[in-house]
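Below are my notes on the model, in numbered points. Please read them alongside the sequence and the coordinates.

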Amino acid sequence: LNRLPVRSVSHQWFKASLVFSIFSSLGAFALAVMMINRINHQDWYLASEYFYLHFQYNGWFFFACMGLAADKQEMFGAAPQKLTLVYRLFVWSAIPAYLLSTLWMNLPLWLYLVTITAVILQLAGWFAMFQIIRKQVLPSRQRIIKPARIILTLSFLALTIKFMLQSGSVIPSLSTLAFGFRPIVIGYLHLVLLGFTTLFLLGSMLEDQLIPESRTMAIGLAILAVGIILNEAFLMLQGITGLYYQAIPDINEWLFALSIMIFSGLLIINIASRKMK
């Protein structure tokens, strides 16, 4: 942060991420209040839980990563005005987008229209960000080392899928099904935390030479990325088959094996980092 100009667009993202991190704690406090007062209201319990998760994943994690991305895009020559537009679109949509997690509560029409507006703002922000990447980053992508380029591309694909899933959840019937099946919820959370956030941070660290570029590091990153992709595929498959009340044989054992694979990839990455140090 010290090397960034005070008025850098990146600072706006970082400040917003901290605000959303603090704001998310209201969900945890609400759960504590309900437990103390022995309030057993399932809808309130889930709404508080999703409040915390939404502003952690779509606020704190997302805005912090986008701050790093905005810094990189500025280095590639992206206009600050365009980066500020992307920032504003996502900030304006962040709070009302929480309603996407509560559509199963049969919200009134005006709140449903607010939810649709949030989805439109998110898609507009994603499209504006894609245009910056296409015009500024892709023509100069050779300046990014190949392993980092692959990892960052996978992270961007995960982010794109995230926005597509969020846009689809605006349909109340789909939202009820999605939030009613635990594998789908877990798959979505893993998509954001592992697919987007973790891979983006690793790709950025590799590009900034905070972790070494070596054969061992490449193997660790490959194992981690494949593990994340397969984990997502199995979770989504489990959720889809669950909608039809069908079970996949040994699915839990497969998910456990993939968890070990992800852990192994992270372990190799750490070993490679310590060797270089």
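1. Of the 277 residues in the protein, 45% are buried, where buried means under 20% relative accessible area, exposed means over 50%, and partly exposed lies in between (1.4 Å probe, protein chains only). The model is a predicted one: local features need pLDDT of at least 70, side-chain atom pairs count only at pLDDT 80 or more, and totals for chains, interfaces and linings use all residues. Residues are numbered from 1 along each chain as its sequence is written, and side-chain values use heavy atoms, with hydrogens and water left out.

2. The protein has 9 helices and 0 strands; helices (H or I, at least four residues) and strands (E, at least two) are DSSP runs, numbered from the N terminus. The radius of gyration is 20 Å, close to the 19 Å that the globule rule gives for 277 residues, so the protein is as compact as a globular protein of that length. That radius is taken over C-alpha atoms, and the rule is 2.2 Å times the number of residues to the power 0.38. Along the principal axes, the C-alpha atoms fill a box of roughly 50 × 50 × 35 Å.

3. Among contacts with a separation of 6 or more, 81% are between residues 24 or more positions apart. Contact means heavy atoms within 4.5 Å.

4. The protein exposes about 15,400 Å², of which carbon and sulfur atoms supply 68%. Accessible areas come from the Shrake-Rupley method with a 1.4 Å probe; for residues, only the protein chains shown count as cover.

5. There are 21 aromatic pairs in the structure. Rings of Phe, Tyr and Trp (its six-membered ring) pair if their centres lie within 6.5 Å; planes under 30 degrees apart count as stacked, over 60 as edge-to-face and the rest as tilted. The ring centres of Phe-23 and Phe-51 are 5.2 Å apart and the planes are at 65°, so this pair is edge-to-face. Phe-23 lies in helix 1 (residues 9–36) and Phe-51 in helix 2 (residues 42–75), 28 residues apart, so the pair links distant parts of the chain. Phe-23 is partly exposed, at 29% relative accessible area, whereas Phe-51 is buried at 14%.

6. Ala-94 belongs to helix 3 (residues 80–94) and is buried, with 5% relative accessibility. Which residues does Ala-94 contact, leaving aside its neighbours within four places in sequence? They are Phe-20, His-54, Phe-55 and Phe-63.
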